[in-house]
Amino acid sequence: MTGLSNGHAGSSFELPTIKFTKLFINGQFVDSLSGKEFETIDPRTGEVIARIAEAGKEDIDVAVKAARVAFDDGPWPRLPGTERARIMMKWADLIDQNIEEIAALDTIDAGKLYHWCKAVDIPAAASTIRYYAGAADKIHGEVLKPSRELHAYTLLEPIGVVGHIIPWNFPSTMFVAKVGPSLAAGCTIVIKPAEQTPLSALYYAHLAKLAGIPDGVLNVVPGFGPTAGAAISSHMDIDKISFTGSTEVGREIMQAAAKSNLKPVSLELGGKSPFIVFDDADVDKAAELALLGILFNKGEICVAGSRVFVQEGIYDEFEKKLVEKAKAWVVGDPFDPKSQQGPQVDKRQFEKILSYIEHGKREGATLLTGGKRVGNKGYYIEPTIFSNVKVNFSSTKVLNRVSSEYSDN
């Protein structure tokens, strides 16, 4: 396909064949019980990549039952840690053998840079699995010395069936970060990838099967938060929930967990991260880091530096350098090695960012550069910088690609 490089023709790349589009439950790819499907969209073009089986509450019930049987009666929790490690190491090797294909899936599904996925995200996913495989035979309790003539010890055991709900900004990274420690501990898993980015998760499930992870241990159920996510959060037979995403949804998950079986919850939620530059800083380096802080991964990252506070003595120089670097930043086809930034993950995020930009203009902030769509196809947006921004401006709430500067003496 023809790519974009600041709106101009870029590279071509042969797209991968989409091999897995169904739910992965109990070791098999299956249709949803309702027969429902949803479209996963290529953010480079806005076109449909594939139709994915949509998990509903009934499918979650089936997946949880498979995970429960695998935990209560299956071999995985009862294997020696060394054997779990061996299987996980084989899974990591299979990921390494398929780096290019998985990287391409995250590129067409999430708009991530292909060369970054190939060089960093996917190799790091394999390394993460290896890291947790190394922990599988090192889960030890303690022998305690009581004050009386008693024998006391602690024993660490797998908690049971774990439900994971992951976001769309780092599909591979988040998948292995959740699944790796759960597998090493001997747990079984029901994981819901974000509806925007289900493709790599399903591919990882396929490789897990090839590696020898027993049926029912890993179940991948693409679907939507209000249905599949809610069913996982409130399920009476899930023993633990882990969620990465927005603070708003994190609250809902914690409430659902408490109202059901009071399952423990681990939350990694969004933040609002300022970047502070003082007069004694290397201004050129600071401007480079500030730009990277907001534009890395298209700004789709929980620690994106969406606000920049600059001491007054270097403010003008810093602003000039930041604008120069932003104008030179290459927005384009994520398969083009010259591109530094691809499209936003979906139309909703694209329109949300543009709406924040317009809101910033209305509230009186000064638009220094950017603020517009790139090209006429896909979800590309120019790097955008505002100055003269009031601290309480609602335009500064955006955690994506709009960077706001403040002067501070």
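## A nonpolar surface patch

In this predicted model, Val143, Tyr153 and Leu155 form a nonpolar patch on the surface. Together they have about 370 Å² of accessible area (Shrake-Rupley method, 1.4 Å probe; for residues, only the protein chains shown count as cover). Patch residues have over 30% relative accessible area and no salt bridge; nonpolar side chains (Val, Leu, Ile, Met, Phe, Trp, Tyr) are joined within 5 Å, like charges within 9 Å.

Val143 sits in strand β7, residues 143–144 (helices, H or I, at least four residues, and strands, E, at least two, are DSSP runs numbered from the N terminus). Val143 counts as exposed, because its relative accessibility is 64% (buried is under 20%, exposed over 50%, partly exposed in between).

Residues are numbered from 1 along each chain as its sequence is written. Local features need pLDDT of at least 70 and side-chain atom pairs 80 or more, while totals for chains, interfaces and linings use all residues; side-chain values use heavy atoms, without hydrogens and water.

## The largest pocket

The largest pocket holds about 1400 Å³ of space. A pocket is an open set of points on a 1 Å grid over the protein atoms alone, with protein on both sides within 12 Å along at least five of seven lines; lining residues have an atom within 4 Å of a point. Points are joined across faces, edges and corners, and the volume is the space filled by probe spheres set on them.

The lining has 44 residues; closest to the centre are Trp168, Phe243, Gly245, Ser246 and Val249. Elements giving two or more residues are α7 (225–233), β12 (240–245), α8 (247–259), β13 (265–269) and α11 (347–362). α8 gives the most, with six. By type, the lining has 20 nonpolar, 14 polar and 10 charged residues (Ala, Val, Leu, Ile, Met, Phe, Trp, Tyr, Cys and Pro are nonpolar; Asp, Glu, Lys and Arg charged; the others, Gly among them, polar).

## Salt bridges

The structure holds 25 salt bridges (a side-chain nitrogen of Lys or Arg within 4 Å of a carboxyl oxygen of Asp or Glu). One joins Glu100 and Lys118 at 3.2 Å, N to O. Glu100 is in helix α3 (residues 99–110) and Lys118 in helix α4 (residues 114–135), so the pair ties together parts 18 residues apart in sequence. Glu100 is partly exposed at 47%, as is Lys118 at 35%.

Glu288 meets Lys285 at 3.9 Å, N to O; both lie in helix α9 (residues 283–295), three residues apart. Glu358 meets Lys361 at 3.1 Å, N to O, about one turn apart in helix α11. Arg68, Asp72, Asp237 and Asp239 form a salt-bridge network.

Terms used:
Buried means under 20% relative accessible area, exposed over 50%, partly exposed in between (1.4 Å probe, protein chains only). On a 1 Å grid over the protein atoms alone, a cavity is a set of points where a 1.4 Å probe fits but cannot get out, and a pocket is an open set with protein on both sides within 12 Å along at least five of seven lines; lining residues have an atom within 4 Å of a point.
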